Amino acid sequence: MGFWGIEIKPGKKVNPFHEDNLQGRLHVTQATLGLGSSSEKSILQCFREDKPPIFLCTLLPNKIESCSLDLEFDDEDSVSFSVTGPKSIHLCGYLLVDDEDVGDE
Amino acid sequence: MGFWGIEIKPGKKVNPFHEDNLQGRLHVTQATLGLGSSSEKSILQCFREDKPPIFLCTLLPNKIESCSLDLEFDDEDSVSFSVTGPKSIHLCGYLLVDDEDVGDE
Amino acid sequence: MGFWGIEIKPGKKVNPFHEDNLQGRLHVTQATLGLGSSSEKSILQCFREDKPPIFLCTLLPNKIESCSLDLEFDDEDSVSFSVTGPKSIHLCGYLLVDDEDVGDE
Amino acid sequence: MGFWGIEIKPGKKVNPFHEDNLQGRLHVTQATLGLGSSSEKSILQCFREDKPPIFLCTLLPNKIESCSLDLEFDDEDSVSFSVTGPKSIHLCGYLLVDDEDVGDE
Amino acid sequence: MGFWGIEIKPGKKVNPFHEDNLQGRLHVTQATLGLGSSSEKSILQCFREDKPPIFLCTLLPNKIESCSLDLEFDDEDSVSFSVTGPKSIHLCGYLLVDDEDVGDE
């Protein structure tokens with residue numbers, strides 16, 4: 001299924017599955033700061049239904065420009081990402097073929 | 001099973017399985033500092049029965065804001081997390097379907 | 001299949017599969033700055049058909065010389081890499097035997 | 001099998017399998033500096049029979065407080081860890097069920 | 001098969017399989033600077049037959065002392081490592097049982 005990537009701009013909640021009409025499991029492995037001249041930090045957050053948001057990583061211009069992640073999301077998870085701070089964050093990873101479902105029926 | 005996340009506030013011992021009534025294996029892959037103005041470090045520790053605590057990572061505002069982890073916990077492990085320092089630490093990862101148990105009977 | 005590596009020079013779009021006539025799945029796991037005296041940052045980008053480019057990592061001389069990645073690409077992905085900045089970026093990883101395809105027929 | 005952790009104090013050689021009477025394969029994934037006021041570096045080394053020691057990571061107070069690892073050890077490996085420097089290093093990871101052995105008989 | 005490690009000294013080309021008479025697949029997961037008082041950077045390179053060398057990581061005393069890697073090498077790869085710079089680099093990882101070959105006959 002290969003490569004997946006998205007740019008999350010500040011102040012918008014983005015559901016990665018709705019955005020690209022994806023199905024299956026999404027493995028998110030990297031976050032990198034977008035363009036811009038601010039030196040303030042940008043925080044990547046994950047929102048779930050009925051739960052407090054979770055910080056996934058914090059990026060700092062010229063010090064922490066990228067961050068390795070190892071996160072998996074199901075299309076049933078109803079998660080969305082958002083960025084707090086002046087710069088966008090580029091997320092990437094890959095879609096997994098959902099082998100576990102194959103034998104279930 | 002998808003995404004899992006929790007915020008560990010300073011001075012509280014949190015068992016991740018009790019907190020969310022989870023079952024199975026939990027893969028914890030990322031720790032990120034919470035909000036606050038302190039510049040002091042926060043240490044994430046793991047407590048087990050009858051054993052000394054283990055430091056899982058140390059985060060430092062504006063220098064080490066996040067840390068990749070690769071840790072697995074069973075619901076039988078009786079572990080709890082705690083944070084020493086002024087800021088909370090957000091932990092995230094995912095729940096694993098426990099394939100190994102399936103064929104055991 | 002073993003080790004794979006390529007140097008991406010600034011300003012060129014490189015399809016990793018065409019460049020080396022590869023087949024299968026490519027796992028890219030590391031990016032490292034090339035030689036040169038500039039202290040400016042270099043950004044590694046991934047281009048896909050009909051989609052905006054995604055930043056994979058940003059490297060900074062003497063501060064962030066290397067970056068761990070965990071990205072998979074299929075030969076059907078039609079992706080290409082490019083570098084924005086003064087220095088080249090060396091990418092490496094390994095080719096995966098595509099087990100998933102074996103049993104399909 | 002779940003979580004495993006140990007604190008390696010400076011100047012002692014510790015065999016992780018003997019220390020906790022473990023069996024199987026041990027996956028060590030994280031090293032974190034212990035407490036103390038020194039600002040000198042601490043080096044984690046691995047000793048094997050008849051071979052020169054290997055540096056696994058170097059930690060530096062307030063700069064490199066933790067380090068991700070991805071190392072596997074068998075109970076037959078006869079390895080021991082030691083720390084050179086003023087501060088202890090906390091190691092953690094998890095024990096793997098040794099599936100490969102199951103079908104051998 | 002467990003732990004593998006080697007120290008690569010500056011200016012020597014080292015084939016990891018010849019050096020230790022290894023067979024199978026080698027997973028290299030960590031690089032750490034050796035001893036010495038220089039503050040100059042050391043670059044780890046991989047050489048292959050008929051191809052330009054690839055930088056695997058760059059280490060910088062007191063700033064980037066270690067680097068996580070995720071690289072796989074086959075004994076048929078004919079690769080060798082070398083270090084450019086004043087300090088040696090310790091490499092470690094583990095040998096993989098080559099399951100893929102088992103069922104081939």
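**Entry 1: a sheet in chain B**

I began with chain B of this predicted model, where I found 3 strands forming an open sheet in the order β4-β3-β6, with antiparallel pairing. I noted β4 (54–59) and β6 (80–84) of chain B as the edge strands, each of which pairs on one side only. Neighbouring strands of this sheet are turned by 20° against each other on average, direction ignored, where axes are lines fitted to C-alpha atoms and angles run from 0 to 180 degrees between N-to-C directions. I then followed strand β3 (residues 42–47) of chain B, which 5 bridges join to the antiparallel β4(B), and I saw that B:Cys46 stands opposite B:Ile54 in β4(B).

**Entry 2: conventions**

I number residues from 1 along each chain as its sequence is written, and chains are lettered from A in the order in which they are written. Because the model is predicted, local features need pLDDT of at least 70 and side-chain atom pairs count only at pLDDT 80 or more, while totals for chains, interfaces and linings use all residues, and side-chain values use heavy atoms, with hydrogens and water left out.

**Entry 3: chain D against chain B**

I looked up the contact (heavy atoms within 4.5 Å) and found that 25 residues from chain D and 23 residues from chain B take part. The two chains bury about 1,900 Å² between them, 56% of it on carbon and sulfur atoms; buried area is the accessible area (1.4 Å probe) lost on being put together, summed over both parts. I found 1 salt bridge between chain D and chain B, in which the side chains of B:Lys41 and D:Glu65 meet at 3.2 Å, N to O; the term requires a side-chain nitrogen of Lys or Arg within 4 Å of a carboxyl oxygen of Asp or Glu. On the side of chain D that touches chain B, the elements giving two or more residues are β1 (3–8), β2 (25–33), β5 (66–74) and β7 (89–96) of chain D.

**Entry 4: chain A against chain C**

I turned to chain A, where 26 residues are in contact with 24 residues of chain C, and the two bury about 1,900 Å² between them, 56% of it on carbon and sulfur atoms. In chain A, A:Phe3, A:His90 and A:Tyr94 lose the most area to chain C, together 31% of what that side buries. I also recorded 1 salt bridge between these chains, joining the side chains of C:Lys41 and A:Glu65 at 3.1 Å, N to O.

Definitions and conventions. Helices (H or I, at least four residues) and strands (E, at least two) are DSSP runs, numbered from the N terminus. Two strands pair if DSSP finds at least two bridges between them.
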